[in-house]
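Work through the following exercises with the sequence and the coordinates open beside you. Each task is followed by a solution in steps.

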Number of protein chains: 2
Amino acid sequence: MAIEWTSSGLDLHLDWARGTGQGLADAIRQAVRDGRLAAGTRLPSTRALAADLDVARGTVTRAYAELTAEGYLRSRQGAPTVVAELSQPLPETPPQRPWPPMGHEWRWNLLPGRPDTTLFPSTNWLAATRRALAGMTAADLNYGNALGHAGLRAELADYLGRVRGVAAVPDRVAVCSGYSQALGLLAGVLRAEGARSIAFEDPSLPECRQVVIAAGLDVVGVPVDERGLRVDALAALLAGPDAPAAVVVTAAHQYPLGATLHPHRRAELVELARATGTLVIEDDYDGEFRFDRQPVGALQAMAPDLVVYAGTASKTLAPGLRLSWLVLPERLIEPMRTAKFFADRHNGVIEQLTFAQLLRSGHYDQHVRRCRTRYRRRRDRVVDTLTAVGARFDPAGIAAGLHVVALLGDGVPEPAVLARAARRSIGVEGLGRCWLGGADGDRPHPAGIVIGYAAPPEHAFGPALRALADVLSEEMS
Amino acid sequence: MAIEWTSSGLDLHLDWARGTGQGLADAIRQAVRDGRLAAGTRLPSTRALAADLDVARGTVTRAYAELTAEGYLRSRQGAPTVVAELSQPLPETPPQRPWPPMGHEWRWNLLPGRPDTTLFPSTNWLAATRRALAGMTAADLNYGNALGHAGLRAELADYLGRVRGVAAVPDRVAVCSGYSQALGLLAGVLRAEGARSIAFEDPSLPECRQVVIAAGLDVVGVPVDERGLRVDALAALLAGPDAPAAVVVTAAHQYPLGATLHPHRRAELVELARATGTLVIEDDYDGEFRFDRQPVGALQAMAPDLVVYAGTASKTLAPGLRLSWLVLPERLIEPMRTAKFFADRHNGVIEQLTFAQLLRSGHYDQHVRRCRTRYRRRRDRVVDTLTAVGARFDPAGIAAGLHVVALLGDGVPEPAVLARAARRSIGVEGLGRCWLGGADGDRPHPAGIVIGYAAPPEHAFGPALRALADVLSEEMS
């Protein structure tokens, strides 16, 4: 169907009809490539285009989000979406799902957010499976509690209290299939309550924002500095007409920049949340990996009825497990139970009970300690290497986690470094995609490379780092 | 907030405001109980009420669906939703999730749709886990393919071709977390394409319809007879103004009545689907359990590009596994990949590879054969018992599956039998909830009890059956 975007005053013919199997994003992408949609062209609002095409608004929102992530469009809060300048040649087959990059095996994998899965404790996992199967009742194998098996919820409540200082009782724990599902279900619950948007730190992981957009909510950005989330900026947003219903915060180790939320900011954030009725979602994605001091306890403990705590086994064990957990404020327990029930009834029970056994046996703690030692060593080597090649990085960001950000000099364009790394088959990520307005937003954003030092197996770590050092020193020279 | 339903001309004050934590369903339920909403009162359309309350339409749709399932409201296709006659006393705490009944342990569990989980092959499962862990690579433990691990998809394609006559290649197989997730994701994909409703057999499992309603689609009913789905009635629906985009059919063993879709009907259905572009979703929930003849092959093989085949391990192994699979028409592969990716990235990889090993070893086939023998024997005993107490049942329905429907005489009210069974702590289900308009719909529906004979452990099966026989003979006498 060739339609005109009458609502936007554009006389544009978009070759697209629903039900043909072609995605709306594909059609718009083609139009940008063909030059039918010139750089700077304002697109209709998602609402207007959805009405014109007679599709759900979410379809348009998802297409815009995908194309923004791919660099075809630029979206900024409060401004219309426009066609981006295609200054760099676009890939012929743009990634459908930019994260995780699939179908491409990097020779040197330094992608952030991934643990070294060669460390996976297979022997302990198998032993835990044996104990889980031996202790399991016929009722356990039937349909179960949507929020998780009581045995696992009890172990998680104990573990989170002990290791992360979370104020957790088993009844408030919800077991989910990865942080994406947990965040998506939370977004759905908030949307059903009337929420329109959720605030994210700027910069933050774009894939998390996409999950919220896919759930039908808008995303707004709150800047961060060396003390973490700028609570004053959040307060200004919350005083405005389109106040977000929740804010996602990586308090222990800001992703990607690495700051720890300052104690004063923690108190201010809780106070602000209480005063405005805003939900805080604490994404504790790598809270177990603090190297230089005692772990920073979870923000959640300061206000268990205002803060959702979210943790995951993706960084400690393996992303492939799809295992995550929330600790919920009282009022969200029943809505989340219903949401999880309608999503998939509950997580698989054998894996739940296996993980409960792994926690109970102490093998999980032992595994985390082992990984922490390993990653601390790698962190030191990354820091040495970056120092040697003259790269800048924020020392505050290196105290924890599985990644570090190498900041690039003013004259060094991020895409050029990424392209050079790609030619050497080094998988790293750019800082640019983490900003809400994209790298070319209004404010001048520092350029940088996000280096995940946990991902490669031990034998490949040294060579991967040397290859990266070569690339960086070539760029800096 | 006390609002007036101006759009419906009602002057009704509903004490509800979003964000208070109270559900909309609770508020309406309370209004019905208090008598503020009298029996027969027409409720506003979901669209009108959503606008009045300034909430998403899905919120209202879900609340209406929940209250209809609980018997507070009556909804019929094409007619306004009305407040039901509360002829029976309502439970003080109405069930939040009517299926599976949770928090109640029946002494005699004869609930349909559940296998005897005491038969779960734990030893084989553990051995399969060992092989899966031994063969797993570090990459397998990372983020994986949203549609499932290639190893499991290949085993499933082979198994489904061999055992169910499905035309399956690995690339078309999608691994999901239970049939609910699979159906919910399909409904979401269809909705994004512009679909408004999906047709179900009438009667059918209400929980499946609820999944579709939760995904934001309407549900319409198509009658069934002793030859299965009435394809002529579906054709009439498809010729109407609100043609459903898809039809869910239990071709091998109609749930709950038990008919097998007649060969002529299969051909007619495929022809109709092709002529109208309607998607057929074949819910093959118990296709492995055919007792009296050779298994009836999947309908899907007749038209792999029109039919989605859906299978599950919930009846063969255990519902607690949350493991299901689809075989998709080509055009749905990419949309389903995206939908699954945004839902939870993919199923947990260890359980996927364990199940692949179980299939490869032949232990899965062996387990299914063992269960089939067991359930056939139980089926024979149920039939003998029903015959002895003079209950009627459709002989066509007993040739397969895990349940049988005992039809009640005209003077025997279903709720009375269910209540009597409940007093004896016998878990069975009524036929009434399976009809789309409820048991008291326009057409006179036969009353009946759905008896799941697979659920109890072997030692409890005889006593459970005797207890049920007592209840039935008391009612009949």
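**Exercise 1.** How many residue pairs are in polar contact across the interface of chain A and chain B?

*Solution.* The model is predicted, with local features requiring pLDDT of at least 70 and side-chain atom pairs counting only at pLDDT 80 or more, while totals for chains, interfaces and linings use all residues. Residues are numbered from 1 along each chain as its sequence is written, chains are lettered from A and ligands numbered from 1 in the order in which they are written, and side-chain values use heavy atoms, with hydrogens and water left out.

Step 1: a polar contact is a pair of N or O atoms within 3.5 Å, where within protein one must be able to donate a hydrogen and the other to accept it, and residues adjacent in sequence count only if both atoms are side-chain atoms. With both residues at pLDDT 80 or more, the rule finds 13 such residue pairs between chain A and chain B.

Step 2: among the elements of chain A that each supply at least two residues of the side touching chain B are α3 (57-70), α4 (122-135) and α10 (330-344), helices being DSSP runs of H or I with at least four residues and strands runs of E with at least two, numbered from the N terminus. The largest share of that side, 7 residues, is supplied by α10(A).

**Exercise 2.** What is the area buried between chain A and chain B?

*Solution.* Step 1: buried area is the accessible area (1.4 Å probe) that two parts lose on being put together, summed over both. For chain A and chain B it is about 5600 Å², and carbon and sulfur atoms give 60% of this.

Step 2: counting contacts (heavy atoms within 4.5 Å), one finds 59 residues of chain A touching 59 residues of chain B.

**Exercise 3.** Is strand β15 (residues 403-407) of chain B mostly covered or uncovered, and which strands pair with β15(B)?

*Solution.* Step 1: taking buried as under 20% relative accessible area (1.4 Å probe, protein chains only), 5 of the 5 residues of β15(B) are buried, and the strand is mostly covered. His403(B), Val405(B) and Leu407(B) lie on one side, with Val404(B) and Ala406(B) on the other.

Step 2: strands pair if DSSP finds at least two bridges between them. Strand β14 (residues 392-393) of chain B runs antiparallel to β15(B) and is joined to it by 2 bridges, whereas β18 (residues 448-452) of chain B pairs with β15(B) in the antiparallel sense over 5 bridges.

Step 3: Ala406(B) is the bridge partner of Phe393(B) and also stands opposite Ile449(B) in β18(B).

Key:
Buried means under 20% relative accessible area, exposed over 50%, partly exposed in between (1.4 Å probe, protein chains only).
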